[in-house]
Amino acid sequence: MSNYAEAFTTANLGRLFMNTLYVGLVSTLLSLVITILTAFAFARLEFKGKELLFAALLATMMIPGELFTITNYSTVISFGWLNTYTVLIVPFLVSIFYIYLLRQNFLQIPNELYLAAKVDGTGDFKYLWKVMVPLSLPTLISITILKMMGAWNSYIWPRLVTKSDDMELITNGLRNAFTDTTGDVNYPVQMAAVTLVSIPLFLVFVFLRKYIMSGVSRSGIKG
Amino acid sequence: MVESKQQWKAWLYLAPAIVLLLVFTVWPIINTVAMAFMEGYSGLTKAGGEATFKIGFGNFIHVVGHPDFQQAMKNTILLCVFTVPLSTILALLIAVALNAIKPLRKALQTIFFLPYVTNSIAIGMVFAAMFNVIGTIGTRRPLIISYGIINDIIRLFGGNWVNWINSGSEYWANMFVMVVYIVWNALPFKILVLLGGLQSINKQYYDAAKVDSAPRWRVLTRITVPLLSPMIAYVVITGFIGGFKEYTSIVGIFGENMGPAHDAGRLNTMVGLIYDSLEMDNQGGASAAALILFGIILIVTLINLQVSKKRVHY
């Protein structure tokens, strides 16, 4: 057990756990709101250039993320966002894939419900939150889990934009804390840390397997 | 009147996404393409107010001619060539086997899917520990404390231990560890997709094969694979795209040195190269490398689609 205790203090795991949890929760929440609003507009509302805009959004999914990272790195520096929670949350709030997923789900909800609500004088906004969101709950849960897993597993971006150990996410601490200056690795302690980091994911998987698998089989993306 | 009100409202719903997309998606595309063609441009010159750059293909020529790029290219292509076919075939066999057994299918399916939710850095570190030799190697009197579990197994069967990832290890040994890890990591998604495809194949084909008493191998190659071909094409295409973007699995095993201790950077990949240039404030080079990567992925995907047009039966 002492290995676990040492792992926890060496990598400052407590702080990193809290960082990751905070970034994961906030970004999931905001991302869900944005995704719901956008998917609703594309599924139910009429506006000029809807099809064209949607096609353009889908086309950006082909571009490798590294291409965005280069400019986003300069952008967040000029915003003065380095070493903040904002930089870990905001750039990834919009996911075209989640919008696409939810829009497909919204489209399956029969139009009659929408018209009935209109007749009853229910506004679009109320209809969205009272009818469409509850009916799309499984998709929303899938999105939530994938997004949380993304925060838990993200490595590259936090590595780039956090310059102090306090602001890192869990995976960064895990990779770099146990190798001393000579390059030697304290394996027992490192493996204890790996275990600590893996357990939450394992638990999520055991209890929410159904949602993860249905989300993943439609996406082909990891984290 | 009503229509214009609808328009206005729709854009209100879209506003948050549009703003974020403009800043973090549209602008990067424009800016990255522009920077790739600006020779001598970097974040430093921009900050210093000195912006002497000219337009041209200089960044591309410099990047392509650089030995680091050629090494990264070689590593990335080798990893793709080995891991994509290997993981696809293994996933196909496992999916067919899972589909054939009734009891315990759910449990086995879950076990095979588990690697997907694990953290690729964390598990990479576990793989590194399995292949790691602890002690002093290469000195006159080597003192080995542990050969690592993989070498222990090899020694158990009378083989010689191998220096897989430590200082002084050979390129092929590093590559072998990487391939094993990436294949293991790629299996869950492929099995999930292929198993989903298998379950939607009409049972009548198999019944007909049974009547004709066709051998198992023939059923697999003549019925299962052709009917599964859209799914196979899908996992191969996503496999190649993922393969060209390989990075974190190498960080997981070798750390940020991207190679064994005596030869850092030996196992760097295209994505690793982009981040290296970025950290050295060479935005032009990073942009050019990212565009080259995009071009390669696009070409490979188009070739894949072209091949699958001829081979896939929808």
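Leaving aside its neighbours within four places in sequence, which residues is A:Val161 in contact with? A:Tyr73, A:Val76, A:Leu82, A:Asn83, A:Val87 and A:Leu88. Keep in mind that this is a predicted model.

## Chain A on its own

Read from the N terminus, the elements go α-α-α-α-α-α-α-α-α-α-α-α. Along its principal axes, the C-alpha trace of chain A covers about 70 × 40 × 30 Å.

Of the 223 residues in this chain, 50% count as buried. If you take the contacts in chain A between residues at least 6 apart in sequence, 76% of them link residues at least 24 apart.

## The nonpolar core

Now for the inside. The largest nonpolar core runs to 148 residues. A:Val161, the residue we opened with, is one of those with the most contacts inside this core, and the others on that list are A:Phe40, A:Phe106, A:Leu128, B:Leu194 and B:Ile253.

As a bit of background, nonpolar side chains in soluble globular proteins tend to be buried together.

## Where A meets B

On to the interface. Here 68 residues of chain A are in contact with 65 residues of chain B. Between them the two chains bury about 5800 Å², and 72% of that is on carbon and sulfur atoms.

What about the polar side of things? Counting pairs with both residues at pLDDT 80 or more, there are 14 residue pairs in polar contact between chain A and chain B. Two salt bridges turn up across the interface as well. In one salt bridge, the side chains of B:Lys9 and A:Asp124 meet at 3.0 Å, N to O.

## Chain A's side of the interface

Which helices of chain A supply at least two residues each to the side that touches chain B? They are α2 (13-44), α3 (50-60), α4 (65-78), α8 (124-135), α9 (137-153), α10 (156-161), α11 (170-176) and α12 (187-219). The top contributor is α12(A), with 15 residues.

Sorted by class, the side of chain A that touches chain B comes out at 44 nonpolar, 16 polar and eight charged residues.

Methods:
Residues numbered from 1 in each chain as written. Chains lettered and ligands numbered in written order. Heavy atoms only, no water. Contact = heavy atoms within 4.5 Å. Buried area = accessible area lost by both parts, 1.4 Å probe. Salt bridge = Lys/Arg side-chain N within 4 Å of Asp/Glu carboxyl O. Polar contact = N/O pair within 3.5 Å; in protein donor to acceptor, adjacent residues only side chain to side chain. Helix = DSSP H or I, 4+ residues; strand = E, 2+ residues; numbered from the N terminus. Nonpolar A, V, L, I, M, F, W, Y, C, P; charged D, E, K, R; others polar. Core = buried A, V, L, I, M, F, W, Y, C linked by side-chain atoms within 4.5 Å. Buried < 20%, exposed > 50% of the residue type's maximum accessible area, 1.4 Å probe, protein only.
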